[in-house]
Amino acid sequence: MSEPVLIVENLKTYFDIAEGTVKAVNGVSFTLNKNESLGVVGETGSGKSVTMKTIMGLIKKPGYIPEGKILFYTDEFSKDGKKEYIDLTKLPYNQFTRIRGKHVAMIFQDPMTSLNPMYTVADQMIETIMYHQNVSEEEARKRAIELLRKVGIPNAEERIDDYPFQFSGGQRQRIVIAIGLSCNPELLIADEPTTALDVTIQAQILELMKDLQNEFNTAMIYITHDLSVVAEIADKVMVMYGGMQMELADVNTIFEKPLHPYTHMLLNCIPRHDAKKEELEPIPGQPPIMLDPPELCPFLPRCPKATDRCRKELAPFKEVEQGHYIRCWNPMDVEMEGDK
């Protein structure tokens with residue numbers, strides 16, 4: 001078995017503001033293998049996007065990383081060409097630019113914020129390819145056209161010289177995907193890549209990303225609110241709430257046997273073809289405020305299964321069965337060790 005592409009260990013990302021410290025990400029750990037896809041789900045403010053922006057090295061002051069490791073498997077800084085793990089949290093900015101785009105790429109929610117309206121698609125794609133690869137401008141242009149064809153842009157040889165506003169929303173998202181894949185990154189992070197698209201285009205984009213993942217053998221992380229998207233594309237799922245992991249398991253386990261009360265209630269909020277319900281069940285209450293939160297389960301105020309133990313100490317994030325992790329003293333179906 002090959003080495004994992006990414007190992008995240010107890011990652012924390014905080015923001016110091018005038019009112020106090022916002023603990024946006026508060027101890028996240030996971031691994032990701034080659035050609036594996038991870039779906040990251042949770043309500044707005046749960047820490048999904050901040051976690052991934054931290055991996056991309058996009059956190060600026062007042063944000064900082066007080067603790068944790070992001071180990072990425074690469075040969076970028078190796079003298080003998082052998083791959084090794086480097087801790088991205090310790091990487092200086094000028095060295096991180098050699099990783100970002102070439103080895104780790106990100107697709108953002110709105111393609112118009114990723115594409116510069118003042119430059120043609122050719123300008124933006126060719127610049128990216130030439131920056132990270134030792135190729136001529138002519139070779140970079142050929143590579144860009146080839147990628148535009150792969151993502152389904154018609155007449156790619158001509159359209160490459162158009163500006164972003166001359167493309168539809170679905171086409172712009174395809175262009176952003178092409179830019180993300182232009183240097184064959186080992187890891188591609190997609191932050192709500194289909195939110196702004198209609199359902200038909202959404203399905204096409206998801207199918208495209210699955211095909212490209214298999215073709216380029218890329219590990220992928222999908223951030224989304226849409227659990228139907230997760231069911232379609234993810235190998236495993238990480239459920240986040242209040243900056244913490246609540247549950248992590250393979251996609252079938254999450255949908256068929258959710259153990260954390262939050263995951264269970266999250267699934268009850270959505271219509272499902274495999275579970276008939278007369279009406280959906282909203283989660284009562286509001287998401288937590290992450291400004292200096294107490295060191296307890298963030299879901300505690302909304303949890304129907306909370307116990308006295310939950311009000312006294314935070315449950316560890318631990319494996320309850322092979323490959324299935326939860327942070328809960330009182331899960332839905334099984335009793336955790338020590339909670340007797």
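**Strands, helices and a surface patch in a predicted model**

Modeller: Strand E3, residues 37-41, and strand E9, residues 236-241, run parallel and are joined by four bridges. The model is a predicted one.

Colleague: Which residue in E9 stands opposite leucine 38?

Modeller: Strand E3 covers residues 37-41, and leucine 38 falls within that range. Its counterpart in E9 is lysine 236.

Colleague: Which strands stand at the edges of the open sheet of eight strands?

Modeller: The order of the sheet is E6-E7-E8-E3-E9-E10-E12-E11, and the pairing is mixed. An edge strand has a single partner strand, so one of its sides is left without a neighbour in the sheet. The two strands in this position are E6 (104-107) and E11.

Colleague: What is the average twist from one strand to the next?

Modeller: The value refers to the sheet of eight strands, which is open. From each strand to the next, the twist averages 20°.

Colleague: What angle does the direction of helix H11 make with that of E9?

Modeller: Helix H11 packs on the sheet, where it touches E3, E9 and strand E10 (244-250). Its direction and that of E9 make an angle of about 100°.

Colleague: Is isoleucine 289 buried or exposed?

Modeller: Isoleucine 289 lies in the loop between helix H11 (261-268) and strand E11 (318-321). With Ile17 and Leu291, Ile289 forms a nonpolar surface patch of about 280 Å² of accessible area together. A residue counts as exposed over 50% relative accessible area. Because isoleucine 289 has 71% relative accessibility, its class is exposed.

How values were computed
Residues are numbered from 1 along each chain as its sequence is written. This is a predicted model: local features need pLDDT of at least 70, side-chain atom pairs count only at pLDDT 80 or more; totals for chains, interfaces and linings use all residues. Side-chain values use heavy atoms; hydrogens and water are left out. Patches are made of residues with over 30% relative accessible area and no salt bridge: like charges are joined within 9 Å, nonpolar side chains (Val, Leu, Ile, Met, Phe, Trp, Tyr) within 5 Å. Accessible areas come from the Shrake-Rupley method with a 1.4 Å probe; for residues, only the protein chains shown count as cover. A salt bridge is a side-chain nitrogen of Lys or Arg within 4 Å of a carboxyl oxygen of Asp or Glu. Buried means under 20% relative accessible area, exposed over 50%, partly exposed in between (1.4 Å probe, protein chains only). Two strands pair if DSSP finds at least two bridges between them. Axes are lines fitted to C-alpha atoms, for helices over the stretch in contact, and angles run from 0 to 180 degrees between N-to-C directions. Contact means heavy atoms within 4.5 Å.
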